[in-house]
Amino acid sequence: MTQQDAQQDKYQGKDNKLPTRALGAQGLTAGAIGLGTMGMTMAYGAGDEPGGIATIRRAYELGVTLFDTAELYGMGTGSNEQLLGRAVRDFRDDVVIATKFGFDMSAPQNAEGYALNSRPEHIREVTENSLRHLGTDRIDVLYQHRVDPDVPIEDVAGTVGELIAEGKVRYLGLSEAGPDIIRRAHAVHPVSVLQTEYSVFERAVEAHVLPVVRELGIGFVPYSPLGRGFLTSAVKPAAEYPADDMRSWDDRWQPGNYEQNLAAIRELTALAAAKDISVTQLALAWLLAQGDDIVPIPGTRSPDRLAENVAAAAVTLTPQDLARVQEILPKGAAGSRYPEAIMPSW
Ligand SMILES: NC(=O)c1ccc[n+]([C@@H]2O[C@H](COP(=O)([O-])OP(=O)(O)OC[C@H]3O[C@@H](n4cnc5c(N)ncnc54)[C@H](OP(=O)(O)O)[C@@H]3O)[C@@H](O)[C@H]2O)c1
């Protein structure tokens, strides 16, 4: 077998045995790499529903079981949840469907994005919509998408706890919550998963958030684990993305930051090439090496890129590799991950 054939096999997942990881202490488990569906309908230019469905089905064949959607990803229409529900219809009982509430999609978007709404009656209404859009009788993980300063987190955890008791939801998740909120929610109903941005580019969770989830036995799901596509061989300058692609305004792509971050990608790519893997696989393997309580959810609309990403679970990084990554990016990327107006505070 030539090296190219071996690489192709690896990307197509033939050698891949995606291991299972536990998320939290309540019994939730998932394949070590999940799939985020956001880009299939929003955020990175035109969505791609047929590509999305093919990617979700390929993911299942390769051992991916955690699929991540949200009310927000359909911009209030339910389209992203419907796409996921359709794609997993034939194997729904084998997979973990995670979705999120927390915004008021009926109010107009402003500079701070959609208004927040985690009031108990709204959580119940959004959950019923999500169940209908997904075409399922239960949501495996229900996340609060953003902390709502107007609603005590105890009320939020209590409401999701009631939905769990009613059999409509299986596990409670939080997204972008800080240590105090995590502790308060967990005291009312056990939190199984925290989801927040984490990658070699974005390291803020390491200081105060990861220690708390580990202390409480909560699983961690890094979102945007590929730095929204910067940690790939496909990155290009901000001006080359269409206006409906958020990378056209993301700070990490802006002149100055972009060149600095690209230099880091070139060094990471050299390290990856020496290991006969892609830079994307290096980025995912680095996350998996941070702890066996971690299940990243890279997003893609392509079955082939999905196979490349899943094959990262078979990569072993040595202590020297991890030290080299640290040397290349000691503090993560240049530039902020969100504009000030929508930056979660924790
Ligand atoms: N809780 C939250 O607030 C929150 C926020 C953001 C995201 N999320 C979740 O996290 C998931 C993943 O995050 P994300 O989609 O923002 O960012 P990401 O996974 O870091 O990057 C996605 C981008 O990388 C590209 N890509 C993926 N694999 C690639 C490969 N092997 N080679 C080249 N390019 C590749 C994708 O393009 P293609 O599609 O063209 O392959 C897409 O543009 C989302 O789908 C969503 O479920 C949650």
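Biologist: Ala, Val, Leu, Ile, Met, Phe, Trp, Tyr, Cys and Pro count as nonpolar, Asp, Glu, Lys and Arg as charged, and the others, Gly among them, as polar. How do the residues of the shell around the ligand divide?

Modeller: This is a predicted model, in which local features need pLDDT of at least 70 and side-chain atom pairs pLDDT 80 or more, while totals for chains, interfaces and linings use all residues. Residues are numbered from 1 along each chain as its sequence is written, and side-chain values use heavy atoms, leaving out hydrogens and water. The shell around the ligand divides into 8 charged, 9 nonpolar and 13 polar residues.

Biologist: Which residues come nearest to the ligand, and which helix gives the most to its shell?

Modeller: There are 30 residues around the ligand (a heavy atom within 4 Å), and those that come nearest are Tyr44, Asp68, Leu226, Thr300 and Arg305. Among helices (DSSP runs of H or I, at least four residues), the one giving the most to the shell, with 3 residues at 303–310, is H10.

Biologist: How much of the ligand's area does the protein bury?

Modeller: Oxygen atoms of the ligand lie 3.4 Å from a backbone N or O atom of Gly36, 3.0 Å from a polar side-chain atom of Arg247 and 2.9 Å from a backbone N or O atom of Arg301. Taken alone, the ligand exposes 900 Å² (Shrake-Rupley method, 1.4 Å probe), and the share of this that the protein buries is 95%.

Biologist: How are helices H6 and H7 oriented, roughly parallel or roughly antiparallel?

Modeller: H6 (residues 179–188) and H7 (residues 205–216) pack with axes 9 Å apart, at an angle of about 20°. Because angles under 35 degrees count as such, H6 and H7 are roughly parallel.

Notes
A polar contact is a pair of N or O atoms within 3.5 Å; within protein, one must be able to donate a hydrogen and the other to accept it, and residues adjacent in sequence count only if both atoms are side-chain atoms. Helices (H or I, at least four residues) and strands (E, at least two) are DSSP runs, numbered from the N terminus. Axes are lines fitted to C-alpha atoms, for helices over the stretch in contact, and angles run from 0 to 180 degrees between N-to-C directions. Angles under 35 degrees count as roughly parallel, over 145 as roughly antiparallel, 65 to 115 as roughly perpendicular and the rest as oblique.
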